[in-house]
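Subject: Structure handover

Hello,

Here is the structure for your work. My notes on its pockets and on the contact between its chains follow.

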Amino acid sequence: MYTPTMLLAILPEILLLTLGVTLLVVEPFWKAENRRNAGWLTFGGLLAVLALSLLFARPADPQTVFGGMLRFDWYGFFFKMMFLFAAAATSLFMMDHEKLGRRGESYLLLLATTLGMCLMASSADLVMLYLAIETTSIPLYVLSGFMLDDKASTEAGFKYLLFGALTSAVLLYGFSLLFGFAGTTNLYALKDALLAGRGMAPMVFGVILLLLVGFGFKISAVPFHFWAPDVYQGAPTPITGFLSTASKAAGFAVLLRLFLAAFPGYANWPSILAVVATLTMTIGNLLALPQTNIKRLLAYSSVAHAGYALIGVVAFSKLGVASVVFYLAAYIATNLLAFGAVMVFSRVTGLDDIKDFSGLSRRAPALGLAMLAAFLSLAGMPPFGGFVAKVIVFQAAVEEGLYALAIVGILNSIVAVYYYLNVLKYVYLYRMDGENEEAHPIPLTRPYAIALATLAFGVVLLGTLFGPWFEWSNLAALNLF
Amino acid sequence: MNFPVLSVIVFTPLVAAVLILLIPANRKNEVRTTALVASVFALALSIWVYVQVAMHPVVDLAAAGYPYQFIEKLTWLSVGNLHIEYHVGVDGMSAPLVLLTGIVMFTGVLISWGVDDPHAPTGIQDRPREFFAFLFLLAGGVFGVFVSLDLFLLFFFYEIAVFPMYLLIAIWGWVKTREYAAMKLTLYLFIGSVVALVGALAMYWTAGQATGVYTFDMLQLEKAGFPLAFQNTWFLPVFFGFAVLGGIWPFHNWSPDGHVAAPTAVSMFHAGVLMKLGAFAALRVGIMLLPEGAKTWSWLIMLFAAIAVVYGAYIAFVQTDMKYMIGFSSVSHMGLVMFGLSTLNRDGLTGAGLQMFSHGVMTALFFAVTGMIYDRAHTRQIPELGGMVKPMPWAAVGFIIGGLVSMGMPFFSGFVAEFPIFMGVWQVVPLAAIIASISIVITAAYIMRNIRRVFFGEMPANLEGHISPITALDKLAIVTLCLLMIALGVAPNLMGPMVQAGVDNILRLLGGA
C-alpha cells in the first residue's frame, strides 16, 4: 500500500537517480571541450537535491517504510545531508582533475556511491543494508582505480576491491548467522528475537565480532586499517577525500544504528570497541608521525579520527551518539578542506610530499590559510569545528565514567598536534629552493575556490556557532533510543 | 542590555585579524595602520572598563547576586544535559589584566612597526599581514580568557590564545631555536590545558549529578560544593594544568626557550600577558572552584613557587644572553605570583593580583628594549654589548626604570606588589618568606650588572656608528609602559582597592578569613 511518506523517505535517492540519468543522457552530446561542465551539472544538481530534500523531505516521527526496508527518521536524514554535501564538494574537486574532470562516468559513479550511502543511512533491514553497502562500495572500487595508466591508482583500486570483497563476505556471513539465530532480517525486530533465544549468547557474540570486522574495515579502524594508506595515496585525490569522509561516516551511520537497535542487551561489545578505539587512535597517530607523504599522513590521521569518534560509540548514550554524529559532521568538512588544499597544490606542482609544501604561504597565501584552518581543526583547536567535536566526544566519555578512554583520547590528541603543526611548519616557515616563491604562484581555479571557501567557512561555523548543528545531531541521536 | 563592552573588546582583535587578512599582502602600511587603530580602540575600551570597575570596585552581593560587572550572558548550546553559555564579566581581579592586555597589544603594535630599511630592518618586515593577524587572534583569545565566566568559553579562548604562539614563534622567531622552542612551548601548553580540561569535564558532571543543574557556568559551579575527596583529586591536574602556562617550576622549561625564540612583540605578549593567563586560570578554575583542594595542596604550590623564585633568579643571574636573563627573571617573578596565590590570605592574593599587572608591564618593557637593541646590534650577549645609553637614551632610561621595578624599589609598582606577597607568606610560613627574599638580592645583582654592562661601559668597536636611533613609535611605547609602572608605584590606590575587592570574593569562596 502506498503512502506519500514512502516517496518522501526516498526523495534524495530518487533525485540522485534522476540526476545521474540526466547526466548519462546529456553528457555524450557535449563536445569534448565542454565535458568539464558535467562537473557543474553534478554540483548544481547535488545542491538542488540538498535544498529540495531540506525543504520537502524532512522527517517527522520515525517510521519504517517499504515493508520495514527503510526507516524514515532524522538520524538517516542528517547523514544523507552530510553525504550530499560531501559529494557536492567532491564534484567540485573532481572538475579540474586531469583524469576525472572530463569524464561523465566519474561523476555518475560518484552519484551512484552517494545513492548507496543514503540508503545505508536509512536501511532498517539486513538485506537492504547489504545491498546499500555494495551499491556504495563497487563504484568506489572503480573510482579508486580510475587512472588506468597510473600504477599506484590501479593498485589502489585492486587492493581496495580485494579487501572490500573479503570484508563484505565476512559481513554477509555475519548477517546470515544473525538471520539464522533471530529468524528475522528486520533490524528493529532483531533485539527481541535475539533476547528470546538467550541460550545463543556466545554465538551472538561471535556474530558481533564478524560484524565488527566488516564495519571496522569501512571506518578503517585498527586492525582493519591496512588498506587505507595505500588506497588513499594511490587513488585520485578527490576520491580519497570522499573515501575518507563520506564513506567513513556511512560506516559509522550503519554501525550505530545496527548495534543500538540489535544488541543493547549484550553488554560486552562496548568494551571490545573501547579496545578497538584505543588501538585505532594510538596506532593511527603513532604511524602518522613518521610519514613524509601528505596523503599517507592524512590517511593515518583519518584512522586516528575514526578512533576518536569510536569513543562516542563506546559511551553508548544519547550524548555519545550525538557526539559521534557531530564529530563526523565536523570531520567531513575539515578533512575535505585538507584534501582540497592538497589537491590544489598537487594539481599545479604534481608533488605530494610534505617537504614540497615549503613556501606555500608565500606562493599562495589563501591556500596556506586553508591548510592552516584544516590542520588546526584536525588537531582540535578552536575556533574550528574539530575543537568542539573533540570536547563533546570527551564529554560523552566522562559522563559515562570512561575516564581512561577520555585520557587516552586526550593523550592522542597531543601526539597529533605535533605532526599537524609539523606540516604547517613547512607551509609557513620553510622556503622553496632558491627562495623565489613569488615566481611560482599556485593559481586557484574557480571550482576549487568555491569549494575551499565554503568548506573553510563551514569549519569555522561548526566551531563557533555550533548550537544548531549539535541540536540536529542530538535529534538524530534521539531517534536511535 | 547595555552596550556589550566586554564582547566588543574581545571581538575587536578577532575582527581586526580577519580584516587584516583581507588586505593585499604588499600593502604593509595599511596592515599596520589597521592593527594600530584596532589596538587603540581595544585599549580605549579596556581603560574605560578599568575606570568603571575602579570607581565601583565593590559590587553589592546581596543585590546583584554575583561580584562581577559588565555581565553578558547568552545561551550558546543547550541540548539535553549539555549546556554551554557565552558568559562574560569582570571583577577587581580581571579588570587590571584586561587593561594590561590592551596596553601590551598597543605597545606590541608600536614596537613591531619598525623601519623598512633593507640594510637594517627593525620590527616585523616579513609578511606583516600574517603576523598581525595571528597576533590579534592571540590577543582576542587572551581578552576572552580574562573575561570568561563559563568554563567551556574559558577553554575555547585559552586554546585560541595558545596555538597562534606556535606560528608566531616558528615563523618570525630567532632562526637558531625557533622550531624547537615553538614546538616545545605548544606541546607543554597543550598538554597542560587538556589535562585541566579533563578536570573541568569531571567538575561538570559531578556538579550536575549532585545538584541537577548541568552547567559550565563558573558562578554556578562555585556553589556546587564538591566533596572533599573530589576536590583533593582534581585540584592538582586543574591547577597545575593551567599553572604550566604560568611558568611554575618544575614545568617552566618551555618558557625561557619560548621567550628567547619569539620575536619582540610576541615575547612581550608571551611574558607580559600569556603567563598571567596561566596564573589567572589556575586561580579562577583551580582555587575558586575547588577551594578545599587548594587548602589541601597549598603547601605544594608554595614549595614549588619558592623554588621558582630563588632558582629562577639564580639562573637569570648566570645568563649571558639578555633574553634568557629576562626569561628566567620572568620565571622568578611569576613564581612570586604563585607564591602569593599559595598563601590563600588577603595580603598574599592581593599582592599576586598586583604582581601580575606589574610584572606584565615591566617584562613587556624589558623585551621591547632588548628587541630594539638586538635589531640594531644583532647580538644579545651581554659581554658583547656596551655604551648603549648614547645612541638610545630613551631605551636606557626605560630599562633602568624596569630594573627598579624588578628589584622591588619603593615608588615603583614592583614594591607595591611584592611587599604584600611577602607579608602574606610571612603570616603562613615565615621561613619561606625569608628564603624567597634571597631572590631580591640576586635580582638586584643581575639587573644592575646588566645595566652597567649594556648601557654604560665602553661600546665595542664593531658596534660604533652602527646603532641607529629608535623610532618615535618605540619611544611612545617605552613612555607608556614606564608611566604606568611609576603611577602604580606612587599611587597604589589606583589599583589596590579593586584588586582587594576581587580578593574578597575569592576569600568568600575559601570560607571566611
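The second largest pocket has 34 lining residues, and Gly123(B), Ile124(B), Trp172(B), Gly173(B) and Asp375(B) are the ones nearest its centre. Bear in mind that this is a predicted model. The volume of this second pocket is about 820 Å³. At least two lining residues come from each of H4 (95-113), H6, H11 (264-289) and H14 (346-377), helices of chain B. H14(B) has the largest share, 6 residues. The lining divides into 15 nonpolar, 9 polar and 10 charged residues.

The largest pocket comes to about 1,400 Å³. Its lining counts 44 residues, with Pro383(A), Phe384(A), Val460(A), Val18(B) and Leu137(B) nearest the centre. Elements giving two or more residues to that lining include helices H16 (365-379) and H19 (446-464) of chain A, and strand E1 (69-79) and helix H5 (128-147) of chain B. By class, 38 of the lining residues are nonpolar, 3 polar and 3 charged.

On the interface: chain A and chain B each put 41 residues into the contact. About 3,700 Å² is buried between them, 79% of it from carbon and sulfur atoms. On the chain B side, Phe163(B), Phe190(B) and Trp205(B) lose the most area to chain A, together 16% of what that side buries.

The rule finds 1 salt bridge across the interface. Lys425(A) forms a salt bridge with Glu179(B), with 3.3 Å between the closest N and O atoms. H7(B) gives the most to the side of chain B that touches chain A, 15 residues. That side has 29 nonpolar, 5 polar and 7 charged residues.

Regards

Terms used:
Residues numbered from 1 in each chain as written. Chains lettered and ligands numbered in written order. Predicted model: local features only at pLDDT ≥ 70, side-chain atom pairs only at ≥ 80, totals over all residues. Heavy atoms only, no water. 1 Å grid on protein atoms, 1.4 Å probe; cavity = no way out; pocket = protein on both sides within 12 Å on 5 of 7 lines; lining within 4 Å. Points joined across faces, edges and corners; volume = space filled by probe spheres on them. Helix = DSSP H or I, 4+ residues; strand = E, 2+ residues; numbered from the N terminus. Nonpolar A, V, L, I, M, F, W, Y, C, P; charged D, E, K, R; others polar. Contact = heavy atoms within 4.5 Å. Buried area = accessible area lost by both parts, 1.4 Å probe. Salt bridge = Lys/Arg side-chain N within 4 Å of Asp/Glu carboxyl O.
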